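Subject: Handing over the structure

Hi there,

Here is the structure I promised to pass on. Please have a look at it first, and then read my notes below.

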Amino acid sequence: MTMQQLMAMMQGLQEAMAASKAEQERMQADLTASQARNDELHRTNDVDELETATPPREFSTPFSQAILETAIPNTFTGPKVTFTRMEDHEAHLTAFHTHMMLVCGSDAVRCKLLMSTLIGMPMDWFISLPEGHITSFTELSRLFREQYLANRAPPPVSYDLFDVKQYQGETLKEYISRFGAQVVKVGTTDEPMIVYAFRKGVCPGSFSKSLNRSRPRLLLK
């Protein structure tokens, strides 16, 4: 190989290396530009999401300033009951009162904790009350009772005895205890009906057959 050929070869190699370097630089520039476009797109999407996100719901509170400023101790255990509008409101208040009697919460704490048991539509009702309207637990209880008066369970009647049935596996003693409690609850003195309802509630078996044979006049004496 002559010197001229060697020089030509080296020159060709240098040109190829220069072309390769230029191509790499072009690819790197394209990659950088693409990354910049992606970053800009992400920033735009983030801004759009922030602008379209639903802001937290803000509402005024019907509690007085004194109640709002009363802190609930960190060690205080709140009630486990909740009210969704489907429950008996009086039963809910009874369960709440029972819990608060055990933990001895102040009047303001009772207000806040009763509010915390409201879920869904009851909470919507609560926050619709006028701002600063509630100054005591007595006032909150009254408003709660008035709002959900229709939820009150109907008073027990004598024929509710027929809903008391002996469960499979329940002892006769347990059944008699439940049945007797319901008799006291409905307050009936109709002995023939009591006996008939008791017999109808007993699980089929030898005892129920004996009741049908003997036809007792009164089983709860």
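Let me start with the aromatic residues: Phe83, Trp125, Phe144 and Tyr148 form one aromatic cluster. Rings of Phe, Tyr and Trp (its six-membered ring) are taken as a pair if their centres lie within 6.5 Å.

Before going on, please note that this is a predicted model, in which local features need pLDDT of at least 70, side-chain atom pairs count only at pLDDT 80 or more, and totals for chains, interfaces and linings use all residues. Residues are numbered from 1 along each chain as its sequence is written, and side-chain values use heavy atoms, with hydrogens and water left out.

Searching the whole structure gives 11 aromatic pairs. One of them joins Phe83 and Tyr148, with 4.9 Å centre to centre and 70° between the planes. This pair is edge-to-face (planes over 60 degrees apart; under 30 counts as stacked and the rest as tilted). It links distant parts of the chain, 65 residues apart: Phe83 is in the loop between helix H2 (65–68) and H3, and Tyr148 is in the loop between helix H6 (137–147) and H7. Helices here are DSSP runs (H or I, at least four residues), numbered from the N terminus.

Are these two residues buried or exposed? Phe83 is buried, with a relative accessible area of 0%, and Tyr148 is buried at 5% (buried means under 20% relative accessible area, exposed over 50%, partly exposed in between, with a 1.4 Å probe and protein chains only).

Now to the helix packing. H3 (residues 89–103) packs against H4 (residues 107–116) at about 135°, with the axes 11 Å apart (axes are lines fitted to C-alpha atoms over the stretch in contact, and angles run from 0 to 180 degrees between N-to-C directions). H3 is therefore oblique to H4 (under 35 degrees is roughly parallel, over 145 roughly antiparallel, 65 to 115 roughly perpendicular and the rest oblique). On the H3 side, the contact (heavy atoms within 4.5 Å) includes His92, Leu93 and Phe96, and on the H4 side Val109 and Arg110 are among the residues.

The other helix pair is H7 (residues 172–186) and H8 (residues 191–201), packed at about 140° with axes 11 Å apart. That angle makes H7 oblique to H8. Leu172, Tyr175, Ile176, Phe179 and Val183 of H7 meet Ile194, Ala197, Phe198 and Gly201 of H8.

Enjoy exploring!

Best wishes

Definitions and conventions:
Helices (H or I, at least four residues) and strands (E, at least two) are DSSP runs, numbered from the N terminus.
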